[in-house]
Amino acid sequence: MNAGTRSKALPLLRHGSAIALADLAVIYTWKTWLFGWLVRMLSQVLFFTLVARLTDAGGDEEFLVIGNALMVCAIEATMVVASSAWERSLGTLPLLVAAPTHLAWTFVVRSLQWVLTGTATSLVALFVLGPVFGVRWTPGSASAAVVLVLLTALGTYCVGLALAALVADRPSLRNLVSNVAYLGMMVVCGVQVPVDYWPVPVQLLAQTIPLTHELAALRGVVDGDPAVRVLGRAVLGVVTGAGWLAMAVLGFGRVARRGRRTGTIEFGT
């Protein structure tokens, strides 16, 4: 990015982030987040964890509580698919395309509120529900967990951005794509069952998703694995997340070019 492009992009990133925070204040009050959304997500983690007890698989409770607690931030991060599609219905997409910088950078920061709330929700689930099911935290492991949850939220946010670019011209698909994305991750990424439970093609698919690697790193932290192994898994998650971000940038660039060429960047549809 040259100096001229940087000078145009930085204000956009700053203002986009401010809009994300403003959206956060509108979407939640502390009461609706604490007694509404948080209670809902903690109930979901409890439900899937207690399935192990109901199926006489009590030894898997720690496995399930860690996986489902981390999954919460992935669920929230994939909401970027829907919130990105809102720009077309609000009539702001033509103005964003006309801005003198790459369209993708607007969307990269526009929905960061999901990363913030997802990280907070997952951390509450890990530190409140985890000990109930046998997870023991030390200051060191808890600090590592905070970093890994944030990396997971950012990585799955990048997945969501790529999917948002894919459905930018079909906003009616936003909720379907978002739901399929997070449910698919819940199935194949090691949340409910180990990744190696699945056939090799599914395992290979799981390796392309940041959640798979960050979850393995988090379980390694809890199990006391060597730091180099945990770090290696975390780095793999960052690399795969960067790959999805690159696809998102290319995808939004395609949306902008096609919209300018065909005149399909319309207002309020």
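Guide: This is a predicted model. We start at a loop, the one between helix H3 (61-77) and helix H4 (80-90). The residue to look at in that loop is threonine 78.

Visitor: Is threonine 78 buried or exposed?

Guide: Buried means under 20% relative accessible area. Threonine 78 has 0% relative accessibility, so it counts as buried.

Visitor: Which residues is threonine 78 in contact with, leaving aside its neighbours within four places in sequence?

Guide: Threonine 78 sits in the loop between H3 and H4. Its contacts beyond four places in sequence are Thr156, Ser178, Tyr182 and Met185.

Visitor: Among contacts between residues at least 6 apart in sequence, what share joins residues at least 24 apart?

Guide: Here we turn to the chain as a whole. Take the contacts between residues at least 6 apart; the share joining residues at least 24 apart is 78%.

Visitor: How many helices and strands does the chain have?

Guide: Read along the sequence, the pattern is α-α-α-α-α-α-α-α-α-α-α-α. The count is twelve helices and zero strands.

Visitor: Why is helix H6 largely enclosed by the rest of the structure?

Guide: H6 spans residues 103-110. Its buried residues are Leu103, Ala104, Thr106, Phe107, Val108, Val109 and Arg110. H6 is largely enclosed because the buried residues number seven of eight.

Visitor: Is phenylalanine 35 buried or exposed?

Guide: Phenylalanine 35 lies in helix H2 (residues 30-54). Exposed means over 50% relative accessible area. Phenylalanine 35 reaches 57%, so it counts as exposed.

Visitor: Which residues make the nonpolar surface patch of about 430 Å²?

Guide: Phe35 is one of them.

Visitor: Where does UniProt place the feature "transmembrane region"?

Guide: The annotation comes from an unreviewed UniProt entry. Two of its spans can be checked against the model. Residues 114-133 are 80% helix and 0% strand, with end C-alpha atoms 27 Å apart. Residues 145-168 are 92% helix and 0% strand, with ends 34 Å apart, and the record lists the feature at 34-51, 63-86, 114-133, 145-168, 180-200 and 230-252.

Visitor: What part of the accessible surface belongs to carbon and sulfur atoms?

Guide: Of the chain's 269 residues, 48% count as buried. The accessible surface comes to about 12,700 Å², and the carbon and sulfur part is 71%.

Methods. Residues numbered from 1 in each chain as written. Predicted model: local features only at pLDDT ≥ 70, side-chain atom pairs only at ≥ 80, totals over all residues. Heavy atoms only, no water. Patch = residues over 30% accessible without salt bridge, like charges linked within 9 Å, V, L, I, M, F, W, Y side chains within 5 Å. Areas by Shrake-Rupley, 256 points an atom, 1.4 Å probe, with all protein chains shown as cover. Salt bridge = Lys/Arg side-chain N within 4 Å of Asp/Glu carboxyl O. Helix = DSSP H or I, 4+ residues; strand = E, 2+ residues; numbered from the N terminus. Buried < 20%, exposed > 50% of the residue type's maximum accessible area, 1.4 Å probe, protein only. UniProt positions renumbered as here; feature names shortened; annotations may be inferred. Contact = heavy atoms within 4.5 Å.
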